[in-house]
Amino acid sequence: MKPARFDYHQVRTAAEAVSVLAQSGGEAKVLAGGQSLVPAMNFRLARPEVLVDINRVAELDRLTDEGEILRVGSMVRHAAFERPVDDGPLGRLLSMAARHVGHLPIRIRGTFGGSLAHADPAAEWCVIARLLDAEMVAAGPGGDRRIPASEFFHTVFTTALEPDELLIEARLPKPSPSAKVGFKQFSRRAGDFALTMAAAVVEVRGGEIAEARIALGGVSDRPVRAPGAEEMLRGRPLPPSSSSSSSSYTAFADAAEHASGEVETIGDIHGSARYRRDLIRVLTRRALEQAAAQ
Ligand SMILES: Cc1cc2nc3c(=O)[nH]c(=O)nc-3n(C[C@H](O)[C@H](O)[C@H](O)COP(=O)(O)OP(=O)(O)OC[C@H]3O[C@@H](n4cnc5c(N)ncnc54)[C@H](O)[C@@H]3O)c2cc1C
């Protein structure tokens, strides 16, 4: 299949991209890595009249470490995270997730910002953004605005971005240097979108869990947190350090059981809602065990 006709603009700056978007009356689409947009155009599921190609906008292809925040430019490719971009737990978490994003050619072309803007509920970066309470920075004709992850993802393929807004970057708060992280997902074949994924950050103080974060993907119309399960873990001691003891640690199993009940799961041709609840239970426990074993 070939796409419907469109006008093509290659821009060199974010400001130029915003200006073309503003002039296009809501009929333009941003072209980032093209790994989701181009197939959709070829199938004519998307028919933008104007494409704004941001692949040559160098200012968007940057990682900026601000100490407590890692700023990820929207054009940073998935593959950039395969090796840790940071010495701490954030670098470990991003590289655990990166290797699950599609196949190598997709990771080389596809972008962090494209994934967030596309908002597939089973996309790894959407789940990580929700896990960390990231902030998305959007530029529009009226200037920049920051959107917290809890408000950014509206439903499948729909975000808080307006048609004339460009996603500039995601601001990822770093877990503390001693935090432990885990990421587990299940897909039918390597490289497929996950049926379900679970990501966890466990902050430990004085041998106790001071704060736990759990985010789930592929289970609902957007990435979600499991606040009840997170609360159950607060104040619990960490399991003994050997991984075999952590797998029989009941606090993790109880929290995972709770997570599988507190999220409204969806069913589709790939798996029923009940199957996804089972996956949440298993993957949440494994992600917590993986974190505790660090
Ligand atoms: C076979 C296959 C398997 C895949 N498996 C996975 C997987 O397992 N996990 C996963 O997460 N993804 C997967 N993907 C999708 C891939 O990660 C895409 O790269 C990603 O969804 C979109 O990023 P992109 O840079 O290619 O964006 P594009 O395809 O260029 O754009 C996607 C959408 O986002 C909009 N957009 C892009 N950038 C911006 C911006 N800066 N501001 C505003 N809007 C913007 C576009 O207009 C478009 O609507 C897979 C894709 C394929 C083809």
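**Stop one: a loop residue**

Start by selecting Val76, which sits in the loop between strand E5 (69-73) and helix H3 (89-98). Helices (H or I, at least four residues) and strands (E, at least two) are DSSP runs, numbered from the N terminus. Residue numbers run from 1 along each chain as its sequence is written. Keep in mind that this is a predicted model: local features need pLDDT of at least 70, side-chain atom pairs count only at pLDDT 80 or more, and totals for chains, interfaces and linings use all residues.

Is Val76 buried or exposed? Val76 counts as buried because it has 20 C-beta neighbours inside 10 Å. Leaving aside neighbours within four places in sequence, Val76 is in contact (C-beta atoms, placed from the backbone, within 7 Å) with Asp61, Leu63, Thr111 and Phe112.

**Stop two: the domains**

Colour the protein chain by its domain assignment: domain 1 (7-53), domain 2 (59-173) and domain 3 (180-292). These bounds come from an automatic or database domain assignment. The centres of domain 1 and domain 2, taken over C-alpha atoms, are 19 Å apart. Where the two meet, 13 residues of domain 1 are in contact with 19 residues of domain 2. On the domain 1 side, H1 supplies the largest share, five residues. That side divides into seven nonpolar, six polar and no charged residues. (Nonpolar means Ala, Val, Leu, Ile, Met, Phe, Trp, Tyr, Cys and Pro; charged means Asp, Glu, Lys and Arg; the others, Gly among them, are polar.)

**Stop three: helix H1**

Select residues 14-23 for H1 and pick out Ala14, Ala17, Val18, Val20 and Leu21, which are buried. They lie on the same side of H1, because they cover an arc of only 165° around the axis. (The arc is that of the directions from the helix axis to the C-beta atoms.) Among the elements covering these buried residues are strand E1 (7-10) and strand E3 (50-53).

Stay on Ala17: not counting residues up to four places away in sequence, it touches Val11, Val30, Val52, Ile54, Val57 and Leu166. Ala17 and Ala200 touch the most other members of the largest nonpolar core, which has 88 residues. (Such a core is a set of buried Ala, Val, Leu, Ile, Met, Phe, Trp, Tyr and Cys residues joined through C-beta atoms within 7 Å.)

**Stop four: the ligand**

Which residues are closest to the ligand? They are Gly33, Gln35, Gly102, Gly110 and Gly114, out of 28 that surround it. (A residue is near a molecule if its C-beta atom, placed from the backbone, lies within 6 Å of it.) Two or more residues each come from strand E2 (28-31), helix H2 (37-42), helix H5 (112-118) and strand E10 (166-173). H5 gives the most, with five. By class, the shell has 13 nonpolar, 12 polar and three charged residues. Domain 1 and domain 2 both contribute to this shell, so the ligand lies between them.

Finish on Asp133, in the loop between helix H6 (124-132) and E6. Asp133 is not a glycine, but its phi is positive, about 55°.

Note on methods
A residue is buried if 20 or more other C-beta atoms lie within 10 Å of its own, exposed if 12 or fewer, and partly exposed in between; C-beta atoms are placed from the backbone.
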